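Hello,

Here is the model we spoke about. Please open it alongside this note.

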Amino acid sequence: MKFEGSDQYVATPDLMLAVNAAATLQRPLLIKGEPGTGKTMLAEEVARALNMPLLQWHIKSTTKAQQGLYEYDAVSRLRDSQLSGIEGAEKVRNIENYIVKGVLWQAFEADRPVVLLIDEIDKADIEFPNDLLREIDRMEFYVYETRQLIKARHRPLVVITSNNEKELPDAFLRRCFFHYIKFPEAKTMQAIVDVHFPGLKQDLLAAALRTFFEVRGLPGLKKKPSTSELLDWLKLLVAEDIPAETLLLKDDKVSVPPLVGALLKNEQDLTLFEKLVQMQRHNR
């Protein structure tokens, strides 16, 4: 089966090609791009379009690679050994009762191929990707406590996302198929909006997209608004029944749009935008 996008996710031809290339090579698909460009949603839509189960592992700064394989709950075993009577002794003797399977283990033992999302891998320690090299490469790992070798029944389609907060090791990159999601152009963005707001008035859509790209193009912004923030803003414009003409001045110069807090997320960017508007009004 090949991924050809879905009715809920607008995938560009190069993105569809990347997903299918990773599946053909049986290598993880490493996706980078600005926050809010649909990296996480890609894995969800690939699973839905290909009718495959989805397992998700959302990485935090404290996440260790071992947690994706399994964790041995020695504390619970010690507590049970102290508190349980004769009836509970058998449970304590069986160490498997205290092995907690991680997401990778669940993916390896699944009855059919799954989509495995490792989300925001760059949040973890720099050694995190290296610690997963063998498991991702050979699709197996060893459980020392039970002396088991766990091998994948089916190779999962692994999707790894990164916001580029830190560089990933070369040895890890060699094992991945890489794709960078470029920020959507106006035409692609309009297609994305059409998926989420099929009945949106065209004059409002045109004015909103023009204002959005003008805001993004403002030099010096600390955080440019993303696709997800555009969708949030449009949802608010529709909910508040904001007319298209309020988004632009009569002479087509930029104005501070209503509900701008959905687009600009810090005071420096808002101040910068307001100064631009004031300068344009002064120069009229």
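Predicted model: local features only at pLDDT ≥ 70, side-chain atom pairs only at ≥ 80, totals over all residues.

Residues are numbered from 1 along each chain as its sequence is written, and side-chain values use heavy atoms, with hydrogens and water left out.

**The sheet**

Five strands form an open sheet in the order β2-β5-β8-β1-β9, with parallel pairing. Strands (E, at least two residues) and helices (H or I, at least four) are DSSP runs, numbered from the N terminus. Two strands pair if DSSP finds at least two bridges between them. The edges are β2 (54-58) and β9 (177-181); each has a single partner strand, so one side of each lacks a neighbour in the sheet. From one strand to the next, the twist averages 20 degrees.

The pairings run as follows. β2 and β5 are parallel, over five bridges. Gln56 has Leu117 in β5 as its bridge partner. β5 and β8 are also parallel, joined by four bridges. Here Leu116 is partnered by Val158 in β8. Four bridges link β1 (residues 29-33) to β8 (residues 157-162), again in parallel. Leu29 stands opposite Val159 in β8.

How many residues of β5 are buried? Five of the five are, so β5 is largely enclosed by the rest of the structure. Buried means under 20% relative accessible area, exposed over 50%, and partly exposed in between (1.4 Å probe, protein chains only). Both faces of β5 are covered: Val115, Leu117 and Asp119 are buried on one side, Leu116 and Ile118 on the other. In a regular strand, side chains alternate between the two faces of the sheet.

Helix α2 (residues 39-49) lies across β1, β2, β5 (115-119), β8 and β9. α2 runs at about 170 degrees to β5. Axes are lines fitted to C-alpha atoms, for helices over the stretch in contact, and angles run from 0 to 180 degrees between N-to-C directions. Contact means heavy atoms within 4.5 Å.

**α10 and its two partners**

The axes of α10 (residues 186-196) and α12 (residues 227-239) come within 11 Å and cross at roughly 50 degrees. The two are therefore oblique (angles under 35 degrees are roughly parallel, over 145 roughly antiparallel, 65 to 115 roughly perpendicular, the rest oblique). Met189, Ile192, Val193 and His196 in α10 meet Thr227, Leu230, Leu231 and Leu234 in α12. That contact has six nonpolar, two polar and no charged residues. Ala, Val, Leu, Ile, Met, Phe, Trp, Tyr, Cys and Pro count as nonpolar; Asp, Glu, Lys and Arg as charged; the others, Gly among them, as polar.

The axes of α10 and α11 come within 11 Å and cross at roughly 130 degrees. That makes α10 oblique to α11. Ala186, Met189, Gln190, Val193 and Asp194 in α10 meet Gln202, Leu205, Leu209, Phe212 and Phe213 in α11. By class, this contact divides into seven nonpolar, two polar and one charged.

**Lys224**

Lys224 sits in the loop between α11 (202-216) and α12. At 40% relative accessibility, Lys224 counts as partly exposed. Leaving aside neighbours within four places in sequence, Lys224 contacts Arg216 and Glu229.

Best wishes
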